[in-house]
Amino acid sequence: MRIGIDAGGTFTDFLVLDDDGRLESFKIRSSRAHPARVILDGLARIAGGLNADIVHGSTVATNAVLERKGAKVALVTTAGFEDVIQIGRQNRERLYDLMPPQRRPLVSRELCFGLDERTLFDGEVERAPNPLALKLLTARLQASGAESIALCLLHSYRNPANERRVLAALEGLLPVSASHEICPEFREYERTSTTVMNAYVRPLMESYLADLGRECAGSLFIMQSNGGLLPAAHAARNAVRTVLSGPAGGVVGAIEMARVSGFEKILGFDMGGTSTDVSLCEGRPHESTEAYLEGFPIRVPLLDIHTVGAGGGSIARVDEGGLLRVGPESAGADPGPACYGAGDLPTVTDAHVVLGRIATGQFLGGAMQLDAERAAQAMDRVAAPLGIDRVTAAEGILRVANANMQRAIRVVSVERGHDPREFALLAFGGCGGLHACEIASELGIRTVIAPKYAGVLSALGMLMADHVRDHAAGALETADIEVSFRELEDRARLDSPAGRLERFADIRYAGQSYELTVPWNPRDPAAPFHAAHQKMYGYRDQNRAVEVVTVRVRARISVVKPSFQQEARRSSTPELREIRVSGRWQTVRAWQRNAVPARANPGPALVLDYGSTTLVPSGWTFRRDRTGNLILRTE
């Protein structure tokens, strides 16, 4: 038995793959305070669940940074560079703001310790730390009250000898995150920031995984931000690689479900309870090594996912200027949307309930009853200040939320040089299907896919993800790139003896500040880079010299993926329901997914499933293909 678990902000999703290849799913309300307890409670509901192999998408690292609840970190760096984390970059995110708010680093200045040592840019060790200095450093760290250590010495990405000397001296003192293990790349600030963030979340991740490991007898794997699996022990030491853990599972699941229905070019649209994650895939996901969490750079391989604070629990309000706003604040799992019966703030989910699109008895297959009257009262809190009725307020909330999500899709498509009209929109998450067609119409997209298991697709993606280990080395001053690749491959074979090795490189035009990661072509290394540069920026310069900045090797071990056989349609008569769609109340048919026929049916209609609902507006048709996916089209 294998179990995929996606711990979201509102619900924690479980998807069970049994020995016979059958898939079963369910959801439990999440808990920010006790995430491990929710997972263990869910596993206890599954016969043999605590003995199964578990693949888990964790939000522990992300929440620790967002809520500033990580460990007390000490930074050890080369003497004279103690201020690198405070100085950062001189880039201005808010160009016209004369007094931008000061961002508080994850490590305080008094916990930044300089060590008298020096490695030169070419890797030559000019000065090694002496034993007395290391003994003094150890004493200062012991007295500092630090709970975790980030070690980042100058040019250690070229030669980690000095960092290894410090590691040996600090062994057994505290958990140490060393930059040559976490982020062996140039750019001092970004490397330091990544290492500090790993040190900041590592103790929490180690404690969390230890709690799960004590109860679970089977193997435990964690989803990485790059779309691959990592054993729990490695994930605990490399916690920064899990900051996009859940959304990465959604991307993997979206690609696989699109593939079985014959689609390669898709825009993934994952609308959950707290946020919406969008991604662009052309047969394989786009990746990046440049990301930010709370304004702090992270330099590890991750899927190119753009997140906005627009989900089913996003709170609607009227601002000081009398304008309607939706999100990014969320009602989360506690108290949740007003219709859940505990809160009283209007949310996107409440708007759907008021418009009849979510029936009070259908939620989670009827396992959770919704309070329609409470949702209506919450909607009045928006309607009254605007001088409108609750139905108009609910429609306004959905239009504002749709606009926020349209902008997010443009970020990963138009702003990356892609025409969204050339892609199908694959919508999943609890709320994705309710918004997909309206958003697609605005963007000129003519095909929407509402996949089977849409409500738990991130958990399904975790069951489909391969085991992946990434290795990198700086190459800017390297004379022989092939030697660097072979050294990385030797290291990769030690970690993953059965892994299939793939080569990549970060390449740029000489003089550029940033680079693109492309597959390595030994015959013509520049060719993939020129093509990628043309795609991203609209031009290429075949005559300009290129530089290889970083070499990368990925070890991949494929897993056996669940199969999706042709499903027989269950004969069932759709119920009639009064809903608000296309600006008016209409009586529509509400289908169960497994009763939708293979031939195209015209909208408006609703398609109901456990954990998700799909809205088919007028002008759209829908059908169910042989795998159980819904295919929606418009002219």
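Helices (H or I, at least four residues) and strands (E, at least two) are DSSP runs, numbered from the N terminus. The structure is a predicted model, in which local features need pLDDT of at least 70 and side-chain atom pairs count only at pLDDT 80 or more, whereas totals for chains, interfaces and linings use all residues. Residues are numbered from 1 along each chain as its sequence is written, and side-chain values use heavy atoms, with hydrogens and water left out.

Two residues other than glycine have a backbone with positive phi. Y453 is placed in the loop between β23 (447-450) and α14 (457-464), and its phi is about 65 degrees although Y453 is not a glycine. The relative accessible area of Y453 is 16%, so this residue is buried; buried means under 20% relative accessible area, exposed over 50%, and partly exposed in between, with a 1.4 Å probe and protein chains only. E294, in the loop between β16 (291-293) and β17 (296-298), likewise has a positive phi, near 55 degrees. E294 counts as partly exposed because its relative accessibility is 41%. In general, most residues other than glycine have a negative phi, and most peptide bonds are trans.

Cis peptide bonds are also present. One joins G327 and P328, with omega about 0 degrees, and P328 belongs to strand β21 (residues 324-330). Another runs from G603 to P604, with omega near 5 degrees; P604 is located in the loop between β30 (601-602) and β31 (605-609).

The aromatic rings were examined next. A pair of aromatic rings is described by the distance of the centres and the angle of the planes. Rings of Phe, Tyr and Trp (its six-membered ring) pair if their centres lie within 6.5 Å; planes under 30 degrees apart count as stacked, over 60 as edge-to-face and the rest as tilted. Five aromatic pairs are found in a search of the whole structure. One of them is the stacked pair of F14 and F26, with 4.8 Å from centre to centre and 5 degrees between the planes. This pair links distant parts of the chain, with F14 in strand β2 (residues 11-17) and F26 in strand β3 (residues 23-29), twelve residues apart. F14 and F26 are both buried. For Y509 and F529, the ring centres are 4.8 Å apart and the planes stand at 75 degrees, so this pair is edge-to-face. Here too distant parts of the chain are linked: Y509 is in strand β25 (residues 500-509) and F529 in helix α16 (residues 526-537), 20 residues apart. Y509 counts as buried because its relative accessibility is 0%, and F529 is buried with a relative accessible area of 0%.

Packing between helices is illustrated by α12 (residues 390-412) and α13 (residues 432-443), which meet at an angle of about 60 degrees with their axes 10 Å apart. Therefore α12 is oblique to α13; angles under 35 degrees count as roughly parallel, over 145 as roughly antiparallel, 65 to 115 as roughly perpendicular and the rest as oblique. Axes are lines fitted to C-alpha atoms, for helices over the stretch in contact, and angles run from 0 to 180 degrees between N-to-C directions. On the α12 side, L398, N402, M405, Q406, I409 and R410 meet H435, E438, I439, E442 and L443 of α13, where contact means heavy atoms within 4.5 Å. By class, this contact of α12 with α13 has five nonpolar, three polar and three charged residues. Ala, Val, Leu, Ile, Met, Phe, Trp, Tyr, Cys and Pro count as nonpolar, Asp, Glu, Lys and Arg as charged, and the others, Gly among them, as polar.

In helix α1 (residues 35-44), the buried residues are A36, V38, I39, L40, G42 and L43. These buried residues pack against β1 (2-7), β2, β3, β4 (53-57) and α7 (188-215).

Two further residues were considered with their contacts, not counting residues up to four places away in sequence. R187 is found in the loop between α6 (179-182) and α7, and R187 is buried, with a relative accessible area of 10%. Its contacts are R89, R299, R508, S513, Y514 and E515. Q86, by contrast, lies in helix α3 (residues 84-87) and counts as partly exposed because its relative accessibility is 32%. Q86 touches P105, V107, S108, R109 and C112. The C-alpha atoms of Q86 and R540 are separated by 37 Å, and these residues are 454 apart along the chain.
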